[in-house]
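Open the model in your viewer and keep the selection tool ready. This tour goes stop by stop, and each stop says what to select and what is there.

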There are 2 protein chains.
Amino acid sequence: MTRPSAVPPPVTAVLDASSRWLPARLGEVEEGLRSAVASYGERLGADADATLAAGGKRLRPMLVLLCAGEPGGDASVRAATAIELIHMATLVHDDVLDEAPLRRGRPTVVASSGRERAVAAGDLLFSRAFGLLADAGDARAVALLSAAAVALARGELAQRHDAFNLSISERRYLDRCRLKTAALFECACRLGRDDDDLGAFGTEIGLAFQLLDDVLDVAGPPERTGKARGTDLLDGTITLPLIEAASSDPGIREVDLQALDPATATAICDRIAATGALDRVRARALEMVASAKRRLDGAQFKPEQRQLLGLVADGVVQRYS
Amino acid sequence: MTRPSAVPPPVTAVLDASSRWLPARLGEVEEGLRSAVASYGERLGADADATLAAGGKRLRPMLVLLCAGEPGGDASVRAATAIELIHMATLVHDDVLDEAPLRRGRPTVVASSGRERAVAAGDLLFSRAFGLLADAGDARAVALLSAAAVALARGELAQRHDAFNLSISERRYLDRCRLKTAALFECACRLGRDDDDLGAFGTEIGLAFQLLDDVLDVAGPPERTGKARGTDLLDGTITLPLIEAASSDPGIREVDLQALDPATATAICDRIAATGALDRVRARALEMVASAKRRLDGAQFKPEQRQLLGLVADGVVQRYS
């Protein structure tokens with residue numbers, strides 16, 4: 001089977017199980033991403049290339065393509081490319097906010113090129129995403145994607161608003177995850193095919209993805225995650241593992257997050273783990289994935305589509321197993 | 001005549017000369033801006049309100065409405081609102097880049113709420129702009145606006161790339177102005193009516209606008225501009241007044257911009273002014289405005305439309321007279 005070289009290993013299971021059309025389309029998405037950031041000259045090429053080359057799992061494009069199925073054609077490739085451009089734009093901007101030095105083991109745009117270029121590069125990726133869809137006359141796709149992009153920004157604002165506030169509720173945390181992460185997964189599915197079951201599937205695996213990400217920040221190990229344990233704590237981001245741990249070890253709420261150093265953050269991670277909170281949050285994420293897969297039982301889904309979307313859902317879990 | 005209270009004095013001449021439909025539509029744009037940023041709860045409401053309340057001349061919305069004319073209807077109001085949202089988004093992001101404390105005499109979002117919220121608030125305004133047009137199914141407008149937004153980001157990147165480089169050419173400066181400023185003016189006109197003469201009109205008054213802005217940074221006075229003289233120099237932004245001054249006083253190119261303090265920046269402003277460069281740049285901007293107005297001589301423009309667009313062009317100059 002031909003496989004686009006830029007597609008990273010985690011999607012292998014899906015590609016191996018799929019008919020030939022999927023790897024071909026994913027290859028077109030990679031081409032589309034490259035040409036969307038190409039020809040801007042200056043150093044932007046280098047910045048954008050670095051972001052592209054850092055890769056990622058292309059989970060969102062894969063969801064678009066799989067939900068659209070083989071009949072999705074060029075429209076699904078464009079939508080898959082656009083949603084990854086929005087995702088890349090938010091990564092570049094998030095790194096500005098976090099002043100992150102590394103992403104996926106490579107220097108971030110903000111670290112290598114400065115805040116100024118990173119903000120503008122993110123804006124450019126944003127605008128290209130909408131332009132790509134609009135040039136093809138697809139106002140419905142622009143509407144879906146802009147609503148998701150609004151949700152992302154609101155999620156980011158909510159996270160900043162709640163920073164260092166140890167009393168936020170589980171509900172508020174889940175609302176933030178819906179905005180910050182699940183909305184784009186839902187959008188990916190609906191861009192492929194605007195179906196409520198597919199939308200709910202996307203929301204649930206998006207939530208599971210975020211919960212497991214938050215577990216990973218506490219559990220590490222750094223050599224696999226590429227970042228120190230407790231990074232969220234140091235940023236003041238309150239996540240479900242901490243909320244869950246505090247229900248059996250309320251003393252955790254007494255920590256002064258504003259005065260945290262990396263060593264203490266690691267110690268708090270150990271304390272969270274000691275409560276069993278990580279297993280409980282993992283179990284909830286797994287239940288969300290199982291629920292998401294049940295959404296695919298409807299008669300409107302063909303066996304191959306159900307199988308491949310199921311593998312993507314499993315992939316969300318497996319990256320942490 | 002009724003006049004929306006939020007419309008600031010510089011547009012008075014246009015409103016006084018216009019039929020009743022224009023002020024009514026501008027009022028709808030103000031409403032649209034308010035509702036586009038409303039209902040996001042949290043502190044965003046306050047941030048966005050502050051940006052809205054700081055106002056501005058609403059030049060770009062006015063261009064959309066005037067180019068569309070009375071038959072433009074609701075579509076022109078939506079496009080006018082969307083382009084101002086993009087403009088506001090770039091102002092919020094520019095202030096992040098510049099770490100600007102004030103804009104139009106009020107604290108910026110970045111100063112009052114921090115870099116994190118300002119980046120996300122800008123992203124939100126961006127996304128809302130595209131969503132507004134897409135919800136109405138207007139893919140053509142999304143395509144025009146996203147191309148202009150790409151140009152803005154490229155202009156910003158070019159400016160950062162050229163920072164502190166005293167050898168940049170006039171041509172490179174003008175290219176940057178086209179991307180950074182004129183593209184959005186051109187887009188405003190084309191959103192109203194996709195006509196090459198109107199597009200060229202927008203480009204020329206946009207360029208004149210930027211040239212005069214750059215003169216003002218050197219000329220001051222601070223009590224009218226709301227910022228210290230020589231702010232561009234301190235940021236390392238090389239503008240036409242400096243390029244022009246160096247042609248008669250080459251020693252200006254020897255200045256070490258990286259080591260500049262505000263007092264020295266003011267002294268360099270005086271030195272630029274002493275060469276007569278400011279008058280020469282002003283004269284070029286006026287010629288651009290005159291050329292722009294000649295674009296309106298075609299038979300396709302009605303007398304009222306020609307008169308009102310001419311007043312907008314004059315307004316670009318008058319804010320500096």
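Between which two helices of chain B does the loop with Pro221(B) lie? Select Pro221(B): its place is in the loop between H9 and helix H10 (222-225) of chain B. Helices here are DSSP runs of H or I with at least four residues, and strands are runs of E with at least two, numbered from the N terminus.

Before going on, a note on the model. It is predicted: local features need pLDDT of at least 70, side-chain atom pairs count only at pLDDT 80 or more, and totals for chains, interfaces and linings use all residues. Residues are numbered from 1 along each chain as its sequence is written, while chains are lettered from A and ligands numbered from 1 in the order in which they are written.

**Stop 1: the cis peptide bonds**

Stay at Pro221(B). The peptide bond from Gly220(B) to Pro221(B) is cis, with omega near -5°. Now switch to chain A. Gly220(A) and Pro221(A) are also joined by a cis peptide bond, with omega about -5°. Pro221(A) sits in the loop between helix H9 (196-219) and helix H10 (222-225) of chain A.

**Stop 2: H9 against H14 in chain B**

Select residues 196-219 and 277-294 of chain B. These are helices H9 and H14, whose axes come within 8 Å and cross at roughly 160°. Axes are lines fitted to C-alpha atoms, for helices over the stretch in contact, and angles run from 0 to 180 degrees between N-to-C directions. H9(B) and H14(B) are therefore roughly antiparallel to each other. The classes are: under 35 degrees roughly parallel, over 145 roughly antiparallel, 65 to 115 roughly perpendicular, and the rest oblique.

H9(B) passes H14(B) in a left-handed crossing. A crossing is left-handed if the near helix is turned anticlockwise from the far one by less than a right angle, and right-handed if clockwise. To see the contact, show side chains. From H9(B), the contact residues include Phe201(B), Ile205(B), Leu211(B) and Val215(B). From H14(B), they include Leu278(B), Arg282(B), Met288(B) and Val289(B). Residues are in contact if their C-beta atoms, placed from the backbone, lie within 7 Å. The contact residues divide into 15 nonpolar, one polar and three charged. In this scheme Ala, Val, Leu, Ile, Met, Phe, Trp, Tyr, Cys and Pro count as nonpolar, Asp, Glu, Lys and Arg as charged, and the others, Gly among them, as polar.

**Stop 3: two other partners of H14(B)**

Leu286(B), Val289(B), Ala292(B) and Lys293(B) of H14(B) meet Gly310(B), Ala313(B), Val316(B) and Val317(B) of H15(B). By class, the contact has six nonpolar, one polar and one charged residues.

Helix H12 and H14(B) pack at an angle of about 125°, with their axes 9 Å apart. That makes H12(B) oblique to H14(B). H12(B) passes H14(B) in a right-handed crossing. Leu240(B), Pro241(B), Glu244(B) and Ala245(B) of H12(B) make the contact with Ala277(B), Leu278(B), Arg280(B) and Val281(B) of H14(B). These residues divide into six nonpolar, no polar and two charged.

**Stop 4: chain B against chain A**

Show both chains. The contact takes 38 residues from chain B and 38 residues from chain A. On the side of chain B that touches chain A, helix H5 (73-98), helix H6 (109-135) and helix H7 (139-161) each give two or more residues. H6(B) gives the most, with 15 residues. This side of chain B divides into 20 nonpolar, six polar and 12 charged residues.

A rotation of 180° with 0.0 Å of shift along its axis superposes chain B on chain A, with RMSD 0.0 Å. That is the relation of a two-fold axis. The superposition is by least squares on the C-alpha atoms of residues with pLDDT of at least 70 in both copies. Select Ala139(B): of the residues of chain B, its C-alpha comes closest to the rotation axis, at 2.5 Å. The same surface serves both copies, as 100% of the contact residues of chain B recur in chain A.

**Stop 5: Arg58(A)**

Finish at Arg58(A), in the loop between helix H3 (44-53) and H4 of chain A. Arg58(A) has a positive phi of about 55° although it is not a glycine.
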